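Biologist: I am new to this structure. Please show it to me, and then let me ask how you know what you say about it.

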Amino acid sequence: MAGSQWELPPELCCRPMAFVALTGLDVVYNAVHRAIWDAFCANRRADRVPISFKVLPGDHEYPKCRTKRTSYEWYIPKGIVKTGWMNKHLNLVPALVVLFYELDWDDPQWKEKQSECATKVEIVRTSLQGRNTKVAVVLIQKKTPLPPGEDLVASERASALCSSCDLSGKSLFVLPHTDHLVGYIIRLENAFYEHAQTYYYTEIRRVKSHKEFLNKTTHQLLFVRHQFKMAFLSELKQDTQNALKYYRAAYSLVHELRAHETNMLEIKTMAGFINYKICRLCFQHNTPLDAIAQFRKHIDLCKKKIGCAELAFEHSAWMSKQFQSFGELFDEAIKLGLTAIQTQNPGFYYQQAACYSQDRKQMAQQFCQYVNSAIVGTTYPSPDPLDTQSGGLDFYGQRPWRQGHQSIDPTDPEKEKLGILALQIKERDVPHSELIIALLSNAVAQFKKYKCPRMKSHLMVQMGEEYYHAKDYTKALKLLDYVMCDYRTERWWPLLTAILTTALHCAYLMASVKDYVIYCMELLGRASTLKEEQKSRIEKNLFKVLMNDVPEAESECDQSSVGAARSLWTDRMALSGSNELMVEMQDYIPFIQCKARFQSPCFHVDQPIQLQVFLRADCPHPVSFSKLTVSLSNQEYNQWCVVESSVQDHMTLLPRKPRCYNFSFVAKTEDVGKKVEMMGIEMMLGSNSGRCVFLSWRGAGGDAASTQEALQASRSSRRWGRGNEARQELDWDSLTMQHSTMIISRVPRICVQLSHQPPALTNEMFCISLTVQSQENVVAKDVKLTAGLKPGQEAGLGHTTHVTLDGSSVSDDNAPALLTDVPLGDLEKCVYMRCVSTGPRIFLFHVAYSIDTAVEGRHIVCKCHKDETVTVETVVPFEVLVKFVSTKFEPLEQVAVDIPFLLMTDIRSSSPWPLLLSSSSLQLVTVTSNTPPLQSQLQQVVLQTGESASECFCLRCPPDTSSSNTVATGQYVISWRRKYSSADSPLIQTTVTLPHVILESVPLYIYAADLPSFGRVRESLPVRYHIENRTAQVMEVEIAVDPSDAFMFSGLKQVRLRVLPGTEQQMLYNYYPLMAGYQTLPQLNISLPRCPTSNSPALRRFLPQRIFVKPQGRQPDDASIAAA
């Protein structure tokens, strides 16, 4: 039987749609008809009704209807479903035939055209004789019809036309050919769809009515057939729920059939068809779990129904197709919006389909062995038992040589044997590998989509093996090489070995020298699980290739391809010019391991750089190599890292015995501060006379498995402690790679001492003394100093730190933060730092020099340097407190214009060192001094830690001061230095900005002039009060003196006077103290009638409030003297 038998028929897989035939349209020569046809078929959207249209001629011959049975009493069915039944209802027998006819209601030849239309309808009915197909007529008109009921002529003629054509009014339609053609077509489609549904409903009823004539003894096949037909017709009717119900019933009935070898294939075929329909409808109804459950049930019921043992491969082919078709349904549902998950996706079904295809291939090879070997001379049977008279089968799933046969025993045993033989011969020619690869490719795509990397790799290996069996070695190698990376990374050594073995076979049969060498190297390596004898054979083959000899054939290779492979190898070996191969070892796990390291992470420039390369061979026999080179980042050093010896023993690696090769070279002075890295290691196998293979390791060596092995070795060493110290031989796993080293400057042999007195004070010239002492054996040259703020600190520190070598004066703000390359003539130096802001600072002192030395006999000039750093904390030397008070030492919030007030300064030392205050001064801006210039009150004052020094200044705001409420006062300048600093040390000036003052105007200034500092009991105390008018108006003043218990007084107790602008009045009072001590003077109550905002306390605040009164003195007399 042909291999295409397992493909599902297209009429089963398509979506069933109602079939409507259109007649009377000339779509070739008539433009109007062509436009109508395009409106029906072109650009159909999903929202239009599901109808399949076909243009047929008016006299088209439809399939003839068979005579309807009135009884099934003696009827024996020959099969379940005929092969042409679905196609007949999809494409041959229409549910509705529509006759298009051009006829307007006002046509002058109405009678003649009416008769012609009726004739055409009759022709259609005659060709459909015996069928229930509906007939409808569409009149193509040029004018737009009037609304129903308005055009009486149209109504009459429509009724007459229906009568002459024997049509109901619902089967006559009018199609105006206007600009709105598509809209009319859509309305027509909906009407056609209703007629089609009526037709299929009638057909379902007709099929269902046959059930009462059937019995379960002889008509089991008919029960299945009728249920299937009703389900399919329901699909055509777009009633998918009932279709699913009928399909489920048909599926249950098909498994109730008595199965034997002669009908097993037919039962499985129909079961597969019905299962496909059920699963498709479940996915369509968005019930994927029902579809999966149905498919599992289907597989469980059918997987043991093998049928004829000699054709068991057919069962595997059928099972494969079941899984493939379900995977396609699943994938199609996902594209329409279904969500799949990692553990339930179409990939599993494609994979299972591939597994059954592989079983089919194995069974075909077993069952067809008789065809291939025992009867090699046997030809294909003639006549062909698989040919039929009609060219196809009458019923699905039947054998061509016994169609319609339903009994248990075959009718002709000889014909049965020939049929089986023909199927086996055809199976021999089936491209099984192509089928398997296509299924595996679909599965890989699904697993890649759902992120299942291991499943993807596993199936790609199977694809590679199938390509190998199909003798497509190039694709096989490409796939296997791709997945080997994953298996190397995940350390699946047995799987990797099996894949490498298959890849080696491919490389041999292709005569691919490079691939063959690589896979031989890896199969000899530590990851290979081959036996020693197998490794020995592979190693011999490898060295045969290196000597330009043809290797021996691999034992498991296809013998039919070995001869061609040997011929290819002979041609390859005869070619000249392609005898050098380069192999990157990092991508593989080869049989030679390499690890390299610098013996130290850094070397001084006056030391030789030591480099070690460790090699180990994992193959069964010793390996000799011709050359070993190490490539460094500075290519000038490469000449010192080459091993190329004529002594063979030195260039031989013993099995599993590590060997070390040492290299040494002297670094160049210009590379100080630079890193030297290993760029690669290269080993040459073979010789120039044969074939050379260069094994190349990037960096310091290692391969695809080295990282994981190093991790395990470190864990093992931590677990077992230092037990490995007892081993005498080199432990390969414990070797670590060091791929780079740093060349650093020579160790300086000088001593740099720093002395200073921290902390530093803000703005002072802080001195750090530097002393350099040489311990070199020869003279140091070009000694230079770099001193100052260490780079890399906060950005703001560079602007607030100034360094200089001149300590005689205070450095300005342009001085740098770091002095570079200062020639150091003397071995002692003082560096001065001025720190403008507080906080810690790190100062760097870098002393560099040159010295002549020799390394391994080579004379070099080394540049050495010694760095010393010191952290200095900068603190504020003192704090200055400033306040404004009145002449009575009362705090002032506002200062009256042209009235004296006091400025008090308080300097508190916060320095741990004694401070010498040289002088202080005021730099006034707006206010003026109320006293003549005096010498600083702080001159040469020494402050210890925590001590304070105060100073007082009498100031006055001139009357012509600006009208601004707030004015600047000026600055307070203090000159100071440390007490114990040298006499020539510069003085530091600290400037303190004085706070602004708020001014106020006083309209009436009252003060007491010439008030004595004290009074005496019972002695007259004259007090003169001055009343000054500072306004431009005449000021009326009322004054009243309050009585006091401590004083008697004489003068005006209450007075009212006028003070002219800019003038003053004086009032004299004589106070007579009555009590000693601090006494309150009689208070003056002052009021200004014309200035109600002024109050008495504000006006008398400038007057003295209290005075000290001394007791009355005694007169000396003789009695008192005598008493003394």
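Modeller: Start with a definition: buried means under 20% relative accessible area, exposed means over 50%, and partly exposed is in between (1.4 Å probe, protein chains only). This is a predicted model, where local features need pLDDT of at least 70, side-chain atom pairs count only at pLDDT 80 or more, and totals for chains, interfaces and linings use all residues. Residues are numbered from 1 along each chain as its sequence is written, and side-chain values use heavy atoms, with hydrogens and water left out.

Biologist: What makes Asp106 and Lys143 a salt bridge?
Modeller: The term asks for a side-chain nitrogen of Lys or Arg within 4 Å of a carboxyl oxygen of Asp or Glu. The closest N and O atoms of Asp106 and Lys143 are 2.8 Å apart. Asp106 lies in the loop between β3 (96-102) and α4 (110-127), and Lys143 in the loop between β4 (134-141) and α5 (152-165), so the pair ties together parts 37 residues apart in sequence. Helices (H or I, at least four residues) and strands (E, at least two) are DSSP runs, numbered from the N terminus.

Biologist: Why is Asp106 called partly exposed?
Modeller: Its relative accessible area is 47%. That value lies between the 20% and 50% cut-offs, so Asp106 is partly exposed.

Biologist: How many salt bridges are there by this rule?
Modeller: The count comes to 37. One of them joins the side chains of Lys321 and Glu7 at 3.1 Å, N to O. Lys321 sits in helix α11 (residues 312-335) and Glu7 in the segment before α1, 314 residues apart. Lys321 is buried, at 9% relative accessible area.

Biologist: What makes Lys277 and Glu235 another such pair?
Modeller: Their closest N and O atoms are 3.1 Å apart. Lys277 is in helix α9 (residues 264-284) and Glu235 in helix α7, so the bridge ties together parts 42 residues apart in sequence. Lys277 is buried at 0%. Glu235 is buried at 6%.

Biologist: Which residues of helix α3 are buried?
Modeller: In α3 (residues 85-92) they are Trp85, Met86, His89 and Leu90.

Biologist: How do you know that they lie on the same side of α3?
Modeller: They cover an arc of only 130 degrees around the axis, which puts them on the same side. The arc is that of the directions from the helix axis to the C-beta atoms. An α-helix has 3.6 residues a turn, so residues three or four places apart point the same way.

Biologist: What covers the buried residues of α3?
Modeller: The cover includes α1 (10-13), β1 (18-23), α6 (181-208) and α7 (220-236). Contact means heavy atoms within 4.5 Å.

Biologist: Why are β32 and β36 said to stand at the edges?
Modeller: The open sheet has four strands in the order β32-β30-β35-β36, with antiparallel pairing. β32 (941-943) and β36 (988-993) each have a single partner strand, so one side of each is left without a neighbour in the sheet.

Biologist: What makes β35 and β36 a pair?
Modeller: Two strands pair if DSSP finds at least two bridges between them. Six bridges join β35 (residues 970-978) to β36, so they pair, and they run antiparallel. Val973 stands opposite Thr991 in β36.
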